[in-house]
Amino acid sequence: MLSEDGIIFRNTEASDYAQAYRMWMDSGGIGVGSKEDSAESIARFLARNRQFCFSAFAGGRLVGIVLCGSDGRSGRFYHLIVDPEYRRRGIGHGLVSRSLEQLRKEGICGADAVIFKENPANEFWESEDFRDRTDLRYRDIQLDDRNIWVNRDRRPSEQGN
Ligand SMILES: CC(C)(COP(=O)(O)OP(=O)(O)OC[C@H]1O[C@@H](n2cnc3c(N)ncnc32)[C@H](O)[C@@H]1OP(=O)(O)O)[C@@H](O)C(=O)NCCC(=O)NCCS
């Protein structure tokens, strides 16, 4: 797929998981769940949503990934990350814009992303025109107590997240 600045983008494959998982775990910006982010769970997600998910490579190494899924009504982004050495070169934009293009192609009218309040990545989503929905409160429910937040000790910061 299209290469910008030596970066190759293609749809995510299950074989990208090991490299992606390492990046997600090291990041304070992404909450990793022991079960929902297992290889099995991500493979299931990709089986349903692969066309919306993109990976970026430099010299054969994974340097960015975004998971995006749709239930047929709207789109949802998860676990966007770019290797710290490759940030601010447009890779995050390259990943998200490809997902948005595919959502549009499939007639999906909107998408969202859930972001830690203190995460500098909020500025990225702002630059992608994602509105800050201060009128809403985020709620969720846990259905399996075995799904533990495994990188909880990491928090987003300006450096190295
Ligand atoms: C968020 C993230 C994926 C952005 O990736 P990226 O490849 O650096 O993003 P881009 O280069 O496409 O940035 C596009 C624009 O977003 C804005 N932006 C991106 N990161 C920013 C930051 N840390 N602070 C302020 N603005 C930022 C800028 O306007 C930037 O354009 P510019 O570089 O011309 O000023 C990256 O910072 C990252 O991996 N963060 C850690 C993981 C994380 O928290 N992910 C978000 C989960 S919701």
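Modeller: One term before we start: helices here are DSSP runs of H or I with at least four residues, numbered from the N terminus. By that count Arg48 lies in helix H2. And keep in mind that this is a predicted model.

Colleague: How far apart in space are Arg48 and Ser70, C-alpha to C-alpha?

Modeller: Along the sequence there are 22 residues from one to the other. In space, C-alpha to C-alpha, the separation of Arg48 and Ser70 is 8.6 Å.

Colleague: Which element gives the most to the largest nonpolar core?

Modeller: That core has 28 residues, and Cys53, Val66 and Leu95 have the most contacts inside it. Several elements give two or more residues, including helix H1 (17-26), helix H2 (39-49) and helix H3 (91-105). The top contributor, with six residues, is S4.

Colleague: Which residues is Leu95 in contact with, leaving aside its neighbours within four places in sequence?

Modeller: Leu95 is among the residues with the most contacts inside the core. Skipping those sequence neighbours, its contacts are Phe54, Ala56, Gly64, Val66 and Leu80.

Colleague: On to H1. Which elements do its buried residues pack against?

Modeller: The buried residues of H1 are Tyr17, Ala20 and Trp24. They cover an arc of only 65 degrees around the axis, which puts them on the same side of H1. On the other side, Ala18 and Arg22 are exposed. The buried residues of H1 pack against H2, S4 and S5.

Colleague: Why is S5 largely enclosed by the rest of the structure?

Modeller: Look at how its residues are classed: 20 or more other C-beta atoms within 10 Å makes a residue buried. S5 is largely enclosed because, of its eight residues, the number buried is seven.

Colleague: How many residues lie between S4 and S5 in their hairpin?

Modeller: S4 and S5 run antiparallel, joined by six bridges, and Gly69 stands opposite Arg76 in S5. In the turn, Gly72 has a positive phi of about 100 degrees. The number of residues between S4 and S5 is four.

Colleague: Last one: which residue in S6 is the bridge partner of Phe77?

Modeller: S5 and strand S6 (residues 111-113) run parallel and are joined by three bridges. Together with H3, S5 and S6 make a right-handed β-α-β unit. In S6, Phe77 has as its bridge partner Ala113.

Terms used
Residues numbered from 1 in each chain as written. Predicted model: local features only at pLDDT ≥ 70, side-chain atom pairs only at ≥ 80, totals over all residues. Core = buried A, V, L, I, M, F, W, Y, C linked by C-beta atoms within 7 Å. Buried ≥ 20, exposed ≤ 12 C-beta atoms within 10 Å, placed from the backbone. Contact = placed C-beta atoms within 7 Å. Arc of directions from axis to C-beta. Pairing = 2+ DSSP bridges. Right-handed = clockwise from strand over helix to strand, strands pointing away.
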